[in-house]
Amino acid sequence: MSRVLESVAPVLASLLLGCVPGPEPTFDRASDPTIAPPAGATDMLMIVLDTTNRAVVAEAMPVAQAFLDGGLSWDRAVSPANETLPSVGSIMQDRFSETDDFAPGENSTAETTLAEKLKAAGYSTLLVSANEVLDHEVFARGNDVVRVQPRGSSVETADADAVAAFVEAWEALPSPRFGWLQLLAGHDYLAQDEDVPWPPQGGAALDQAWAWYAADASATDALLPQIFDLLPAEDGLTVLTADHGELFQNRGPLMLGGPDTFGHGKGNSPMEIEVPLGMRGPGVVPGVRGKPAGTMDLHRTFLAAAG
C-alpha cells in the first residue's frame, strides 16, 4: 500500500518514507509564543467525517464530492480500522491502534502525537469533536484548544455546534495553525426512530435506514463550506476523510445478508474500511490517484507539509 505522503506534491513526494521525524515537544506554545515556526509553515485543516462511506458521499454529499473532485483524491483509500477510536488514534500516533488503547483512564501510549509534534514545531493546535468518544487524554495532548461535545442532540445540531465552535477557535488562534474537526455525519442515523430493530431486517427497513443515513450525511455536507472557506487552497493544506464507513447488506460491492453484515465494527468489508480521502493546498496537483492509500499516513503528510 502506498503512502499518502508519496502523492501530495513534488516536495512531499521527494521525501523518503519514514524520514519525517517528529520533534519531541519541548515547550508550550501558549506560554512561549516567541518560538518561531519552521520556514514555510502553512495552516492545515483535517476534517474527519464519522461513519461515512464513499457511496453516501457520492449520493448525498455534493459539497464533499466537489472537494474530492476539485483536489487530489484517491479512488481507494483505506482506514486502518472499522471503528472511530482506533482509526483516528492511528492517525494521531502513526501506528496501528486498538479500541482497548482508549479505555476510560487508559494512557494508551508513550508515543508523541501529531498534535504534540506540530505544537513543538510552533503550531497553534485545535481539536473540536461532535463525537464524545474523543474525550480522551491521547487526543487532548498537544492541543491548545480542545472542545469535545457531549452527545444528546441531533446529528445536524451537534455538527452545526461543532462547526461554529471550530470557526470561532480557529479564527482566534495565531498562524501557523493545525485544526482537527470531527463531525458525526452518518453516525447516529438509527437514533431517529427507537422502534427500528437492530439490525434492520428486510429491504424496506434497510431502505429506510439508508434514507436516514443519507439525510444525516446531507445535513453535515451543508455545513462544510463554512470550514472550507477558512482556508483557501492557496493559503494552506485541507484534508477531508472519514474514520470508517458503514456496511449495508443490500448495497455496495458485496451484497450480503444477516445481522453481521450491517453497521460497522464487523470486519474489513469495502463499505466499512474504504473511505473518502482528498486534499487541496499549495503545491497539491489535482487529480485522482489509482494506487491505494492508507489514512494512517496522514500523520507523516502533515509533518512533511509543516516543513
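1. Let me start with a charged pair: glutamate 274 and arginine 76 form a salt bridge, with their closest N and O atoms 2.8 Å apart. The term here covers a side-chain nitrogen of Lys or Arg within 4 Å of a carboxyl oxygen of Asp or Glu. Glutamate 274 sits in strand 8 and arginine 76 in the loop between strand 2 (72–74) and strand 3, so the pair ties together parts that are 198 residues apart in sequence. Helices (H or I, at least four residues) and strands (E, at least two) are DSSP runs, numbered from the N terminus. On accessibility, glutamate 274 is buried at 18% relative accessible area, while arginine 76 is partly exposed at 39%. Buried means under 20% relative accessible area, exposed over 50%, and partly exposed in between (1.4 Å probe, protein chains only).

2. A word on provenance. This is a predicted model: local features need pLDDT of at least 70 and side-chain atom pairs count only at pLDDT 80 or more, while totals for chains, interfaces and linings use all residues. Residues are numbered from 1 along each chain as its sequence is written, and side-chain values use heavy atoms, with hydrogens and water left out.

3. Now the overall picture. The protein has 11 helices and 11 strands, and 55% of its 307 residues are buried. Of the contacts with a separation of 6 or more, 77% are between residues 24 or more positions apart; a contact means heavy atoms within 4.5 Å. The accessible surface is about 12,300 Å², with 53% of that belonging to carbon and sulfur atoms (Shrake-Rupley method, 1.4 Å probe; for residues, only the protein chains shown count as cover).

4. Two strands pair if DSSP finds at least two bridges between them. Strand 3 (residues 77–78) runs antiparallel to strand 8, with 2 bridges between them. Glutamate 274, from the opening salt bridge, also stands opposite valine 78 in this sheet.

5. Helix 11 (residues 298–306) deserves a look, as 9 of its 9 residues are buried. Among them are Leu298, His299, Arg300 and Phe302. Just after helix 11, glycine 307 takes a positive phi of about 95°.

6. Which residue does arginine 300 meet in a salt bridge? The partner is aspartate 94, with the closest N and O atoms 3.0 Å apart. This one links distant parts of the chain: arginine 300 is in helix 11 and aspartate 94 in the loop between helix 4 (84–93) and helix 5 (114–120), 206 residues apart. Arginine 300 counts as buried at 18% relative accessibility, whereas aspartate 94 is partly exposed at 21%. The two side chains are also joined by a polar contact of 3.0 Å. That means a pair of N or O atoms within 3.5 Å; within protein, one must be able to donate a hydrogen and the other to accept it, and residues adjacent in sequence count only if both atoms are side-chain atoms.

7. The salt bridge count comes to 7. One more worth checking joins the side chains of arginine 141 and glutamate 116 (3.4 Å, N to O). Arginine 141 lies in the loop between helix 6 and strand 5 (145–148) and glutamate 116 in helix 5, so the pair ties together parts 25 residues apart in sequence. Both arginine 141 and glutamate 116 are buried. Salt bridges with shared partners join Glu116, Glu137 and Arg141 into one network.

8. Finally, the rings: the whole structure holds 5 aromatic pairs. Rings of Phe, Tyr and Trp (its six-membered ring) pair if their centres lie within 6.5 Å; planes under 30 degrees apart count as stacked, over 60 as edge-to-face and the rest as tilted. Phenylalanine 139 and tryptophan 180 are edge-to-face, at 5.7 Å centre to centre and 80° between the planes. Phenylalanine 139 is in helix 6 (residues 137–140) and tryptophan 180 in strand 6 (residues 177–183), 41 residues apart. Phenylalanine 139 is buried at 0% relative accessible area, and tryptophan 180 is buried at 1%. The rings of phenylalanine 178 and phenylalanine 302 have centres 5.1 Å apart and planes at 70°, so that pair is edge-to-face. Phenylalanine 178 lies in strand 6 and phenylalanine 302 in helix 11, so the pair ties together parts 124 residues apart in sequence. Phenylalanine 178 and phenylalanine 302 are both buried.
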